[in-house]
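Please look through the structure below with care, moving from its surface to its contacts and then to its open space.

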Amino acid sequence: MQTTRLTLICHARTVAQKLAYFPTNEPVENSGLASGALAQRFDAARRLICAPELRTRQTAAWFGADAQIDEALRDCDWGRWHGMSIKDLQRSEDAALHAWLEDHHAMPHGGESVARLCERVAQWLTSLQATPGHLVAVTHPFVIRAALIHVMRGSAFHDIDVEPLSAVELHFTGRWRLRLPSLDVKGAL
């Protein structure tokens with residue numbers, strides 16, 4: 001059986017993340033990362049894809065100029081919560097925010113539920129099972145959480161933190177497995 005290797009990379013930090021706002025289509029912060037060092041982290045045989053949002057396209061460009069947009073990697077639809085701060089929601093819609101955190105089917109913002117996001121990502125992972133080789137995907141923290149939940153077959157969605165520029169590696173050899181690769185000290189960020 002051929003192996004599918006999937007490396008999920010969270011986009012670089014944005015101002016919205018730093019200030020605890022639900023995202024819009026904001027750019028990444030000017031981090032001054034050398035794109036050459038990041039591009040060298042993966043072999044040339046890999047396939048690079050990214051979500052359609054600006055922050056993921058900018059981050060993917062640091063890993064190579066050949067990134068293809070994959071709509072399945074798009075961020076969760078935050079509905080009317082786009083651009084709102086968590087603190088403002090705690091003041092104005094605390095019950096709705098609490099319901100959303102506790103019930104993965106809740107959609108008080110009018111967007112996509114966590115359950116629907118998890119279904120979308122699970123369908124995408126299933127579609128990759130017949131794709132051997134290394135796929136590097138730059139996407140969002142919630143998409144990475146959904147992938148981990150699918151692979152772990154659990155329900156700890158809100159208990160997973162995905163930091164900017166973090167990478168999660170998944171392998172499929174008849175069953176999805178989570179692999180946390182060690183950091184190469186010579187190529188460390």
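Patches are made of residues with over 30% relative accessible area and no salt bridge, where like charges are joined within 9 Å and nonpolar side chains (Val, Leu, Ile, Met, Phe, Trp, Tyr) within 5 Å. Accessible areas come from the Shrake-Rupley method with a 1.4 Å probe, and for residues only the protein chains shown count as cover. This is a predicted model, in which local features need pLDDT of at least 70 and side-chain atom pairs count only at pLDDT 80 or more, while totals for chains, interfaces and linings use all residues. Residues are numbered from 1 along each chain as its sequence is written, and side-chain values use heavy atoms, with hydrogens and water left out.

On the surface, Val15, Leu19 and Tyr21 form a nonpolar patch that together has about 270 Å² of accessible area. Leu19 sits in the loop between helix 1 and helix 2 (35-39), helices (H or I, at least four residues) and strands (E, at least two) being DSSP runs numbered from the N terminus.

A salt bridge is a side-chain nitrogen of Lys or Arg within 4 Å of a carboxyl oxygen of Asp or Glu, and the whole structure holds 11 of them. In one, Glu169 pairs with Arg5, their closest N and O atoms being 3.1 Å apart. This pair links distant parts of the chain, since Glu169 belongs to strand 5 (residues 167-172) and Arg5 to strand 1 (residues 4-10), 164 residues apart.

Turning to open space, what is the volume of the largest pocket? A pocket is an open set of points on a 1 Å grid over the protein atoms alone, where a 1.4 Å probe fits, with protein on both sides within 12 Å along at least five of seven lines. The volume of the largest pocket is about 620 Å³, a volume being the space filled by probe spheres set on the points, which are joined across faces, edges and corners.

Terms used. 1 Å grid on protein atoms, 1.4 Å probe; cavity = no way out; pocket = protein on both sides within 12 Å on 5 of 7 lines; lining within 4 Å.
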